[in-house]
Amino acid sequence: MNVREAVLTVDETQTSFLEHGPSLIERAARTATVAAADADGVDRDARFPHKAFEVAREQKLLGVIIPAEFGGFGASIHDVTDVCYTLGRACASTAMIYAMHTTKVACVVRHGHGIPWMETMMRRVARDQWLLASSTTEGQNGGNIRASAAAVDVAGDTVSLLRDATVISYGAEADGLVTIARRATDASASDQVLLALARDDYSLKRTLGWETLGMRGTCSTGFELKVDCPTDRVFPESYDKIHAQTMTPFAHLCWSSAWAGIAAAAVTRAQAFVRKAARTSGGQMPPAAAHFTAAKMSLAKLRALISANIDAFARAEHDERALGSLDFQSSITLLKVQASELAVETVMHAMRTAGLSGYRNDGEFTMGRHLRDVLSSPIMINNDRILANAATSTLMSGVPTSLRD
């Protein structure tokens, strides 16, 4: 598909999408209203945001990225990242769950065409609003998803897999699961395949709890994952290709958008604090107002960074060579590092704007939940690991000779 055909397809899909009733952002806003009202309880009790996802299902948000031919809306990367941002302003756990779900659905959509089971899964996500979870963290690998210990075992028309899944976010609540594994018992750790599973294809045995500082509603507990399913659950394409073309771009763009939403929520509270303080002091700004300016600047940089990468992916998403280029892979990989650091910086400036009012947990300007949630971002696939792994590729990339390169 050339660029012109891709643009026409997007335009036609968008027209079809808008004919279904409320716009995507209106659907997201309705979900966000419920998510915001329940966010403190979700955080306090470390429980799955059931109320938010009941509305998300009513609004058909879980299947928006599914192509229209399979019952979805054919939403673009611009659409779904806007949903992540909107939900992030309301409830971080809801936004992150939606971001992870969208990433897994994108893998099925972009690499499942022509495969009967994958197309069935697309229809079930669109029609029944299946929620897809992810199992990529294994044993003590620290989130290194490009190396698997467990391997699939193929016997005739069936596949089996036993995996020490130390983290499966919202695994107990999901209708399906996408996981990675070594291609065979004699394959190298990096020779991987991706599996898309329905709930009947696997069983979960809880092994670890989830008592954390933030992102408590994601319920990212550990499980022993036991898979016994037909072989058509395995993607024919190797995982390295899916990882580069879909998994990493969608994960980093959707996660970053969710983190930006958290940061925006904190800046909104900081702004309300400054306005109230100025009104009660005859227009005089509070001592820490400079931090509000810094928060706004940091948020602007964060949004610009994400927008630039969304645009770059949208231009390249149908071009395998562009997606595999060193410049694109470096940019989309390092987006996660840059966005997470900027999100934390933004929330910290917002909290310092409000001072004790932001530090307290019992006032209208409290930002404790936002700070605790956003602090997960640098350690969710640790930034140090990403920077270390990117060192060689960034060394090979040239330094631009002009501002427009």
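In which helix is His370 found? The residue belongs to helix H12, which covers residues 368–374; helices (H or I, at least four residues) and strands (E, at least two) are DSSP runs numbered from the N terminus. The model is predicted, so local features need pLDDT of at least 70 and side-chain atom pairs count only at pLDDT 80 or more, while totals for chains, interfaces and linings use all residues. Residues are numbered from 1 along each chain as its sequence is written, and side-chain values use heavy atoms, with hydrogens and water left out.

His370 is buried, its relative accessible area being 5% (buried means under 20%, exposed over 50% and partly exposed in between, with a 1.4 Å probe and protein chains only). Leaving aside residues up to four places away in sequence, His370 touches Ile262, Ala265, Ala266, Arg269 and Val347, where contact means heavy atoms within 4.5 Å.

Attention now turns to a sheet. Strands of a sheet pair through backbone hydrogen bonds, either parallel or antiparallel. Here, three strands form an open sheet in the order E1-E4-E5, with mixed pairing; two strands pair if DSSP finds at least two bridges between them. Strands E1 (132–135) and E5 (192–198) stand at the edges with a single partner strand each, so one side of each has no neighbour in the sheet. From one strand to the next, the twist averages 20° (axes are lines fitted to C-alpha atoms, for helices over the stretch in contact, and angles run from 0 to 180 degrees between N-to-C directions).

Strand E4 (residues 176–182) pairs with E5 in the antiparallel sense over seven bridges, and Gly176 stands opposite Ala198 in E5. Helix H5 (residues 92–111) lies across E1, E4 and E5, at about 90° to E1.
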